[in-house]
Amino acid sequence: MPADDASNVKVEIGHVLFIDIVGYSKLLIHEQSEQIQKLKEVVRGTEQCRIADAEGKLLRLPTGDGGALVFRNNPEAPILCAMEISKELKHHPELQVRMGIHSGPVNEVVDLNEQANIAGAGINIAQRVMDCGDVGHILLSKHVADDLKHYARWRRYLHEIGECEVKHGEIISLVNFYTEELGNPQRPQNIKGPAPAKSVAVLPFVNMSADKNDEYLSDGMTEELINALAKVAGLRVPGRTSCFAFKGRNEEGIFHQVGERLHVGTVLEGSIRKAGDKLRVTAQLVNVMDGFYLWSEDYDGDLKDILDFQSNVAKRVVEALQVKLGVKAARALAKKPTENPEAYRLYLLGRNEFGKYSEAGWISSIRYYEQALKLDPTYALAYCGLADTYAYMGGVMMPSKEALVKEKEFAQKALQLDPELAEAHLSLGVALGGAFDWRNAEKEFERAIELNRNLAWAYEIYAWYLCGIGRLDEAIAKDEKAIELDPLNSFFQSALAYYLYHARRYDDAIVQIKKTLELDPTATLPRHFLGCCLLWKGDTAGAIGEFQRSKIVVAGAWYQGLLGYAYAISGDRSKAGQILGDLEELAKHHYVNSSAFAAIHLGLGEKEKALDWLDNCYENQESACWLLKVDPIYDTVRNEPRFQAILKKVGLE
């Protein structure tokens with residue numbers, strides 16, 4: 001460009017929002033046209049675009065699969081616009097969009113068609129920021145985030161990702177913007193950036209004892225270390241399921257794999273050897289980048305010393321990672337759940353039995369917890385264990401109403417003993433939700449998260465509650481947070497599909513189900529949820545196939561009625577009747593959830609009988625009542641006065 005032309009170029013700072021449709025090139029031609037048109041309508045409908053347009057402060061740069069918006073009036077305009085777009089796109093799940101934001105120099109140019117256009121580094125970097133994201137992401141350049149963080153209303157939604165190499169080898173620093181309802185909290189898949197400096201995954205300790213039945217001790221210590229470290233503010237600790245996914249693996253490069261998959265910088269590993277009452281615990285903290293030990297120590301003593309060993313290991317990890325602890329946090333880290341080592345051993349046996357998720361396991365876990373409490377009546381976590389076990393048994397092995405009484409009693413005892421125990425608040429929240437006390441249940445879930453922001457199950461159970469009361473966007477956001485904390489937990493991944501299903505986003509749910517099955521091909525729950533999605537997409541035969549393949553065998557559970565429902569609406573009333581008869585026979589000697597009967601009668605078109613069973617469901621305080629407001633299976637009776645009366649009694653009208 002000649003010098004005199006260059007001097008006439010008007011450069012200004014533009015605040016750029018770049019948008020594109022992910023997977024656009026794979027769409028059919030008519031689908032491309034439809035989606036671009038719909039995206040244009042969504043963008044034009046935003047308040048920020050209308051304001052900037054009216055002021056003459058908005059420039060548009062269309063691209064084949066999206067475009068850029070350049071705001072020249074307000075540095076906050078791109079993020080406000082992105083939030084509006086993200087909110088509206090929830091009504092258009094077919095539009096898979098990602099966004100990137102940067103503020104930088106832009107200038108107007110004339111293109112080959114002699115049309116006014118816009119170019120500059122501000123545009124280029126915004127596009128590269130966006131290119132780093134996946135569906136749903138709103139990514140910001142570090143430059144934009146640094147400007148926004150000075151405003152209190154934005155600060156909590158800014159989550160640093162780290163550096164990323166983009167086109168031409170350029171390195172840019174990225175920040176992920178998301179709220180409880182908007183954006184994508186997951187780390188972009190194509191960014192391998194550095195793990196947080198203060199992060200640790202606790203790998204399952206190895207049982208080196210001659211007696212392999214002592215494995216509950218090594219597994220128990222692992223769980224308790226995860227729980228203890230998770231309470232430390234500023235320390236990233238992946239959840240139990242993700243850590244236990246690496247149990248028994250010792251191949252070369254395993255630490256690096258853990259670091260990559262769980263996004264941590266260090267790994268705590270160790271072993272336990274028990275011989276009679278003697279105990280040796282070995283622990284070492286390893287840097288995943290180079291495999292070097294940051295710290296290693298052996299502890300020798302008696303079985304009664306296990307709680308001291310555990311507390312010491314947690315303390316040494318925090319010291320090695322240079323995490324600063326306040327007085328309260330230091331006291332919490334050093335606190336022992338019980339002073340009685342035998343009570344602790346029995347508690348670990350209870351958790352081990354509970355984790356089998358079987359009727360026999362639940363009965364055994366109750367026995368162990370009760371034995372632990374005989375030795376230490378002040379053991380709050382053992383009361384939580386009892387509350388949680390009854391929560392699972394209710395509606396499966398026994399009437400929910402009966403289970404709820406015990407559930408609430410034990411949760412309240414735990415809180416009386418330790419008002420600062422997050423698990424106790426979570427247990428009480430579940431009990432209150434089961435009793436349809438929605439307002440107070442939410443308070444308990446919020447308090448549990450406040451006390452332990454790394455407690456993945458608190459977000460997950462809160463998500464189930466939010467789903468039931470119809471706040472589905474919030475439920476999805478809470479579940480995504482649980483996944484962030486425990487990324488290899490297939491239950492959390494399955495649950496996300498379930499919330500998408502109840503939001504009637506069946507295609508999105510199916511995508512999530514496939515992702516879950518890639519993580520855990522043996523999982524049965526996602527196959528059941530796949531059957532649910534296929535059912536409401538009109539593929540009844542496919543739904544029946546998935547219900548049969550899922551092979552969920554827990555007797556009395558609500559989902560057993562869905563196969564009968566599917567047969568009924570497919571026209572095979574005899575098979576539906578057979579399943580109904582089987583459940584009626586089972587109910588003579590085993591508890592059967594009322595909603596299973598209701599589902600089949602709905603499929604058979606017998607609305608009054610279905611409503612009779614739903615009345616039973618309410619009277620028994622069954623957990624299926626949580627879904628009355630959102631489950632598609634009730635659409636055929638949703639406007640019936642009797643159904644509306646049930647909703648009102650449950651508090652979901």
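Over the ring of which residue does the charged end of Arg 367 sit? The ring is that of Tyr 368, with the charged end of Arg 367 at 5.4 Å from its centre. A charge is taken to sit over a ring if NZ of Lys or CZ of Arg is within 6 Å of the ring centre and within 35 degrees of the ring normal. The charged end of Arg 240 also sits over a ring, that of Phe 244, 3.9 Å from its centre.

1. Basis of the note. The model is predicted: local features need pLDDT of at least 70, side-chain atom pairs count only at pLDDT 80 or more, and totals for chains, interfaces and linings use all residues. Residues are numbered from 1 along each chain as its sequence is written, and side-chain values use heavy atoms, with hydrogens and water left out.

2. Confidence. The chain has a mean pLDDT of 87, and 94% of its residues reach 70 or more; pLDDT is the predictor's confidence in each residue, from 0 to 100. Residues 1-7 have pLDDT below 50, and this stretch has two contacts in the model beyond near neighbours in sequence (contact means heavy atoms within 4.5 Å). Where pLDDT is low, the predicted coordinates should not be read in detail.

3. Salt bridges. The count comes to 39 salt bridges, each being a side-chain nitrogen of Lys or Arg within 4 Å of a carboxyl oxygen of Asp or Glu. Asp 131 pairs with Arg 98, the closest N and O atoms being 3.6 Å apart. Asp 131 is in helix 5 (residues 121-131) and Arg 98 in strand 4 (residues 97-110), 33 residues apart. Helices (H or I, at least four residues) and strands (E, at least two) are DSSP runs, numbered from the N terminus. Asp 131 is partly exposed at 33% relative accessible area, whereas Arg 98 is buried at 15%. Here buried means under 20% relative accessible area, exposed over 50%, and partly exposed in between (1.4 Å probe, protein chains only).

4. Helix 28 to helix 29. Arg 642 and Asp 612 form a salt bridge of 2.8 Å, N to O. Arg 642 lies in helix 29 (residues 641-650) and Asp 612 in helix 28 (residues 607-619), so the pair ties together parts 30 residues apart in sequence. Salt bridges with shared partners join Glu 608, Asp 612, Asp 615, Arg 642 and Lys 649 into one network.

5. The faces of helix 29. Phe 643, Ile 646, Leu 647 and Val 650 are the buried residues of helix 29. They cover an arc of only 100 degrees around the axis, which puts them on the same side of the helix; the arc is that of the directions from the helix axis to the C-beta atoms. These buried residues pack against helix 18 (438-451) and helix 28. Pro 641 and Lys 648 are exposed on the other side.

6. Aromatic pairs. The structure holds 27 aromatic pairs. Rings of Phe, Tyr and Trp (its six-membered ring) pair if their centres lie within 6.5 Å; planes under 30 degrees apart count as stacked, over 60 as edge-to-face and the rest as tilted. Trp 464 and Tyr 499 are edge-to-face, at 5.7 Å centre to centre and 80 degrees between the planes. Trp 464 lies in helix 19 (residues 456-468) and Tyr 499 in helix 21 (residues 490-502), so the pair ties together parts 35 residues apart in sequence. Tyr 498 and Tyr 501 are stacked, at 6.0 Å and 15 degrees, and both are buried.
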